[in-house]
Amino acid sequence: MGVDQPVAAVAAGKVIFASWFKGYGNLLILDHGDSFYTLYAQTSRLLKKVGDTVAAGEQIAFSGYEGNENLYFEVREGRTPLDPTKWLVRR
């Protein structure tokens, strides 16, 4: 992905967490309704705050926490992690 690359929401939702979290660094959690959530972590900067609504594809953060090029991404239904490939569109 690279450092300081834009991170976009995979689906519309509402920000329910946007802060530093031990083990995740800067973490943003979106609530998509029907018990579906996406987590975006290890970002250098968050662009949204709790309560913000976002559209699919809207920029929510920048990659590169502590110079690391990786982005941590997770999809959950309730507390259960899901295979994220069904939520992602190949560019």
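This is a predicted model: local features need pLDDT of at least 70, side-chain atom pairs count only at pLDDT 80 or more; totals for chains, interfaces and linings use all residues.

Colleague: Good to know. Which way do E2 and E3 run, and how many bridges join them?

Modeller: E2 and E3 run antiparallel, with seven bridges joining them. E3 covers residues 25-33, and E2 covers residues 13-21.

Colleague: Which strand does E2 join through two bridges?

Modeller: That is E5, residues 53-54, which runs antiparallel to E2. Glycine 13 stands opposite valine 54 there.

Colleague: OK, over to E7. What does E7 pair with?

Modeller: E4 is joined to E7 by six bridges, and the two run antiparallel. Leucine 39 has glutamate 74 in E7 as its bridge partner. E7 also pairs with E8, residues 80-82, in the antiparallel sense over three bridges. In that pairing, glutamate 77 has threonine 80 in E8 as its partner.

Colleague: How many residues sit between the strands in the hairpin of E7 and E8?

Modeller: Two, and glycine 78 in this hairpin takes a positive phi near 65°.

Colleague: Changing topic: how many salt bridges does a search of the whole structure find?

Modeller: Three. One of them is between glutamate 58 and lysine 48, with the closest N and O atoms 2.7 Å apart. This pair links distant parts of the chain, ten residues apart: glutamate 58 is in the loop between E5 and E6, while lysine 48 is in the loop between E4 and E5.

Colleague: Is glutamate 58 buried, exposed or partly exposed?

Modeller: Glutamate 58 is partly exposed, at a relative accessible area of 27%.

Colleague: What about lysine 49, which residue does it bridge to?

Modeller: Lysine 49 forms its salt bridge with aspartate 52, and the closest N and O atoms are 3.2 Å apart. Lysine 49 has 54% relative accessibility, so it counts as exposed.

Colleague: And what does glutamate 74 form a salt bridge with?

Modeller: With arginine 76, where the closest N and O atoms are 2.2 Å apart. Glutamate 74 is buried, with a relative accessible area of 9%, whereas arginine 76 is partly exposed at 25%.

Colleague: Let's do rings now. How many aromatic pairs turn up?

Modeller: A search of the whole structure gives four. Among them is the edge-to-face pair of tyrosine 24 and tyrosine 72, at 5.4 Å centre to centre with 80° between the planes. Tyrosine 24 lies in the loop between E2 and E3 and tyrosine 72 in E7, so this pair ties together parts that are 48 residues apart in sequence. Tyrosine 24 is partly exposed at 24%, and tyrosine 72 is partly exposed at 28%.

Colleague: And how is the pair of tyrosine 40 and phenylalanine 73 arranged?

Modeller: That pair is tilted, with 5.3 Å centre to centre and 55° between the planes. Tyrosine 40 is in E4 and phenylalanine 73 in E7, so the pair ties together parts 33 residues apart in sequence. Tyrosine 40 counts as buried, at 1% relative accessibility.

Colleague: Last one: which residues form the aromatic cluster?

Modeller: Phe17, Phe21, Tyr24 and Tyr72 form one aromatic cluster.

Notes
Residues are numbered from 1 along each chain as its sequence is written. Side-chain values use heavy atoms; hydrogens and water are left out. Two strands pair if DSSP finds at least two bridges between them. Helices (H or I, at least four residues) and strands (E, at least two) are DSSP runs, numbered from the N terminus. A salt bridge is a side-chain nitrogen of Lys or Arg within 4 Å of a carboxyl oxygen of Asp or Glu. Buried means under 20% relative accessible area, exposed over 50%, partly exposed in between (1.4 Å probe, protein chains only). Rings of Phe, Tyr and Trp (its six-membered ring) pair if their centres lie within 6.5 Å; planes under 30 degrees apart count as stacked, over 60 as edge-to-face and the rest as tilted.
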